Structures are given as C-alpha cells and as structure tokens.
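Please read them next to the structure.

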Amino acid sequence: MSSSPCLTLLLLALGLGAGPALGAGLELPPEHVVGPGDCGDCHEQEHEVWLATGHATGFGTLSRDEKARSIAAALGIRRVRRDPLCGSCHFTSAVVEETTKAIAGVACESCHGAGEEWIDIHWDLGEAADVESESAEHRKQRWASSEKAGMIRPSSPVDLIGRCYRCHVVDDQKLVDVGGHPQGARLDLVAATQGNIRHNFLRTGGLRNDEAPIERQRLYRLLGPWLELEATARALAAGPDEGAYRKGLLERVAANRSALKTLTSGVTLPSLDRALAALPA
C-alpha cells in the first residue's frame, strides 16, 4: 500500500521522499519477537532506562488499573494481557513454548520492529572486539544490512515515529464508544523522545545519555503533528459519522492543523497547504 496523498505531499515538501503507509494498528508478529532481554544483553544502559518508563511498568500494572478493568468489562474482555485488542498496543507478545503470550510492556521491538531477522546482523561487529573499535565503514554497512533485514532505526524517522501514533491515536471505534477508552492523549514527540524514554548512549560512546541534536528535534517537532494527523485521518475515514470516537478525532485534527500552521508560519509550502486543506474540518 502506498502513502496517502496528504502524507506524500508533506514528505516531498520536507525532502524526505514518499515514505511508507501508516496502516492501523501496531504490527508485531509474536513468532518473530525476541524480547527486550535479548536487546538488553548488549544495550544494557538503554534497557535500564526502559525499565523505569511507563512503557515497561505497564506490563505489571495495567491489568489491575481500575479504568482498564472498567473498559475490559464493558467490552467483555476477561484477560487484558491475552486479548489482542489490548495487547497490540500495551504489551509485547512472543511465542513461548508454542504458545503466544505477553512477555513485556511496550518494549524495544514495539518501536524498532520484531527482531528475529535482524538482531544477529545488528550486532555482527566483524573483526572488531567492541563497538568502540569498529570501523566507521563496517558500522555503516552493518546498520544498512540491519535495516534491509527489517530493523527500524532513527535514520528512518517516518517509519520510527509513525509507530508511536499507531497506538497513541486510537483507531477502534468500539473501544472508545462502547468501552469508554480514552481517544488517546496528544503526544509531544520532542518531550517524549528527549525525556524519560531517551536512550542515546551508543552515539556518545556509552557514557552519557544526551539529547538528540537540535536538527533532529526540529524534524520531530514538525513530523510529530503531521504523523498524528495522518493516523487520525485514517481513523476518521474508517469510523462512524457521530459519537465520542469521531468527536475526539476531529479535535485532534484541529489541534494538529493549528500546530503545523504555527510551525510553518512565514514559510511557503504549497504542498503542505494543499494537504491540510484536504483534511476534514
């Protein structure tokens, strides 16, 4: 499936190419998931950061949360961890002893893709003893090979950020209108990626967890509201013409359209103007 015309127009305006389609739901095939422990074998510091986030702790708390239990009851869901409607966004599932089960909260592969096909490639350092002594040429080749095998890296920001909005924009009408699930709070992408989920250790030699360069933060500031608009437009197209679900989505359209107009004030981007005009009011 190709990108929607709206997303394509913006990406071309930014010089980022056409980009991928942002389909509904977070696709993470359990049979190809290796789990955060395998990533943490090498990315120890990143793993420690993750353990302190709500993404990780939700694994143990969500099923006991009063609001979550109310939503589950309204939808006839008996086991939150086992139900795919909940699990696709709140948990990481894998095949364990021939049974699919939730093994963690929102984890490494939720963002970077199921790791079975690329994790060994990602850590094949060749003749180098460690990442510090790996040549720049080998590192470039290793990263390219990892991406070719399915890894989603920050060098593909539309792919990576788009996965955030597959869950942060709820695209199931029944979940909202029947279950009472929140539509999803707007995500401040810069605050989130430079806040408690930041993990830039490898870039700085494993010593500091620096913020991303200002150029990347600026890109995130612009892409965040647009990718949220993209996910919201897709949800609107597939949803009903009334109800809390639609009302919440339209509020997000208005907020993100306003944010984009503010961010691009004084800049002539005809492609962006045409894309924004195509969105529902």
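1. In this predicted model, Glu-228 and Arg-186 form a salt bridge through their side chains, with 3.5 Å from N to O. Glu-228 belongs to helix α13 (residues 214-238), while Arg-186 sits in the loop between α11 (173-177) and α12 (189-193), so the pair ties together parts that are 42 residues apart in sequence. Glu-228 is buried, because its relative accessibility is 0% and the cut-off for buried is under 20%.

2. Which residues are linked in a network of salt bridges? They are Glu-134, Arg-139 and Arg-142. Glu-134 pairs with Arg-139, where the closest N and O atoms are 3.6 Å apart, and with Arg-142, where the closest N and O atoms are 2.7 Å apart.

3. The structure holds eight salt bridges, among them the Glu-228 and Arg-186 pair.

4. A patch of negative charge on the surface brings together Asp-38, Asp-41, Glu-44 and Glu-48. Asp-41 is placed in the loop between α2 (36-40) and α3 (44-51). Is Asp-41 buried or exposed? Its relative accessibility is 58%, so Asp-41 counts as exposed, the cut-off for exposed being over 50%.

5. There is also a positive surface patch, made up of Arg-64, Arg-78, Arg-79, Arg-81, Arg-82 and Lys-101. Where is Arg-78 found? The loop between α5 (66-75) and α6 (84-90) holds Arg-78. With 81% relative accessibility, Arg-78 counts as exposed.

6. On the chain as a whole, the secondary structure consists of 15 helices and two strands. The protein chain has 281 residues, and 41% of them count as buried. Among contacts with a separation of 6 or more, 64% are between residues 24 or more positions apart.

7. The accessible surface of the protein chain is about 15,100 Å². Carbon and sulfur atoms account for 53% of that surface.

Technical notes
Residues are numbered from 1 along each chain as its sequence is written. This is a predicted model: local features need pLDDT of at least 70, side-chain atom pairs count only at pLDDT 80 or more; totals for chains, interfaces and linings use all residues. Side-chain values use heavy atoms; hydrogens and water are left out. Helices (H or I, at least four residues) and strands (E, at least two) are DSSP runs, numbered from the N terminus. Buried means under 20% relative accessible area, exposed over 50%, partly exposed in between (1.4 Å probe, protein chains only). Contact means heavy atoms within 4.5 Å. Accessible areas come from the Shrake-Rupley method with a 1.4 Å probe; for residues, only the protein chains shown count as cover. Patches are made of residues with over 30% relative accessible area and no salt bridge: like charges are joined within 9 Å, nonpolar side chains (Val, Leu, Ile, Met, Phe, Trp, Tyr) within 5 Å. A salt bridge is a side-chain nitrogen of Lys or Arg within 4 Å of a carboxyl oxygen of Asp or Glu. Lys and Arg count as positive and Asp and Glu as negative; His and the chain ends are not counted. The place of a charge is taken as NZ of Lys, CZ of Arg, CG of Asp or CD of Glu.
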